[in-house]
Amino acid sequence: MKINILFFASVREMFKTHKKDVEILDSENSPNKLLNILSKREGGSWALLLNEKDSVRVAINQELCGWDDMLNDGDELAFFPPITGG
Amino acid sequence: MAIYIQKELFDISELTSNLVKDNTSIGAVVSFVGYVRDYDDTLTSKKLIQMNLEHYPGMTEKALTKIEVNAKSRWSLQSVCIVHRIGKLLPSDPIVAVIVASQHRKKAFQACEYIIDFLKTDAPFWKKEISSEDEIWVKVRDEDHKRKSSWNLEK
């Protein structure tokens, strides 16, 4: 299935891009599984992101979510650091 | 419901006038305005010269709407306006405004504080501070999360 990934702030700088579309297997259907598989498959920024996972937040379809929440085909998945607005 | 994400400077008196216009039941308006400080002790020189504000378009509006809806279900409010700036800001520039109108002052004071406390932790904005030596992403303050959690303990 296809997942549209967005990166913000320090995570965007880590990937040197704002967005990336990835194809994953139906069984890799959580932010946690997706990150693990891409880290193994592609390394680079994905491996760095996995390393810093504890300080990274995730959102599915523009709602904050947990690392083990379910991803569906066509979802928008975002990775970003903790929020610091206001 | 008025939520604005913008690069431009906002005019607090104009926003307040628009908020109270045509509503004669409003008895109190409380507003909070956050500004860019030129001092941050995490910077080598302690002196900030510029701040860059980034956000997640789409999610930001949803998150702010949710905070506003929750505030309105907690207190009976007449009107709410939230403005947050993005892009390049300089010391003394206003960053954020929360304006709350209600019949009596207590609800307006409480709801204004509630909205800015939740905005700090739930609305996807990120600040980058720039000094003559560094460019650093602002770290989360534990205090902000404590303030948010304290609302869940109060009746």
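Predicted model: local features only at pLDDT ≥ 70, side-chain atom pairs only at ≥ 80, totals over all residues.
**Helix packing in chain B**

Helix α3 of chain B, which covers residues 105-122, takes part in two helix pairs, one with α4(B) and one with α2(B). The geometry of both pairs is set out below.

| Helix pair | Angle between axes | Distance between axes | Crossing |
|---|---|---|---|
| α3(B) and α4(B) | about 130 degrees | 9 Å | left-handed |
| α2(B) and α3(B) | about 150 degrees | 10 Å | right-handed |

Helix α4(B) spans residues 142-153, and α3(B) packs against α4(B) at an angle of about 130 degrees, which makes the pair oblique. On the α3(B) side the contact is made by Tyr114(B), Asp117(B), Phe118(B), Lys120(B) and Thr121(B), while α4(B) contributes Asp144(B), His145(B), Arg147(B), Lys148(B) and Trp151(B). Sorted by class, the residues of this contact are three nonpolar, two polar and five charged.

For α2(B) and α3(B), the angle is about 150 degrees; angles over 145 degrees count as roughly antiparallel, and these two helices are therefore described in that way. Here Ala63(B), Leu64(B), Ile67(B), Glu68(B), Ala71(B) and Arg74(B) of α2(B) meet Ala111(B), Tyr114(B), Ile115(B), Phe118(B), Leu119(B) and Asp122(B) of α3(B). The classes in this contact are nine nonpolar, no polar and three charged residues.

**The contact between the chains**

Chain B gives 21 residues to the contact between the chains, and chain A gives 13 residues. On the side of chain B that touches chain A, the elements giving two or more residues are α2 (59-74), α3 and β7 (125-130) of chain B. Among these, α3(B) gives the most, with five residues. Taken by class, the residues on this side of chain B are twelve nonpolar, four polar and five charged.

**The largest nonpolar core**

In soluble globular proteins, nonpolar side chains tend to be buried together. In this model the largest nonpolar core has 52 residues, and those that touch the most other members are Phe8(A), Ala78(A), Phe80(A), Val98(B), Val100(B), Ala111(B) and Ile115(B). Helix α3(B) supplies the largest share of this core, eight residues.

**Individual residues**

With 24 other C-beta atoms within 10 Å, Ala9(A) is buried. Its phi is positive, about 55 degrees, although Ala9(A) is not a glycine.

Most residues other than glycine have a negative phi. Asp22(B) also has a positive phi, near 65 degrees, and is a residue other than glycine. Asp22(B) lies in the loop between α1 (12-20) and β2 (28-35) of chain B, and with 6 C-beta neighbours inside 10 Å it counts as exposed.

Val140(B) is placed in the loop between β8 (135-137) and α4 of chain B. Because Val140(B) has 14 C-beta neighbours inside 10 Å, it counts as partly exposed. Not counting residues up to four places away in sequence, Val140(B) touches Pro82(A) and Thr84(A). The C-alpha atom of Val140(B) is separated by 9.3 Å from that of Lys120(B), with the two residues 20 apart along the chain; Lys120(B) is one of the α3(B) residues that make the contact with α4(B).

Terms used. Residues numbered from 1 in each chain as written. Chains lettered and ligands numbered in written order. Axes fitted to C-alpha atoms, helices over the stretch in contact; angles between N-to-C directions. Helix = DSSP H or I, 4+ residues; strand = E, 2+ residues; numbered from the N terminus. Parallel < 35°, antiparallel > 145°, perpendicular 65-115°, else oblique. Left-handed = near helix turned anticlockwise from the far one by under 90°. Contact = placed C-beta atoms within 7 Å. Nonpolar A, V, L, I, M, F, W, Y, C, P; charged D, E, K, R; others polar. Core = buried A, V, L, I, M, F, W, Y, C linked by C-beta atoms within 7 Å. Buried ≥ 20, exposed ≤ 12 C-beta atoms within 10 Å, placed from the backbone.
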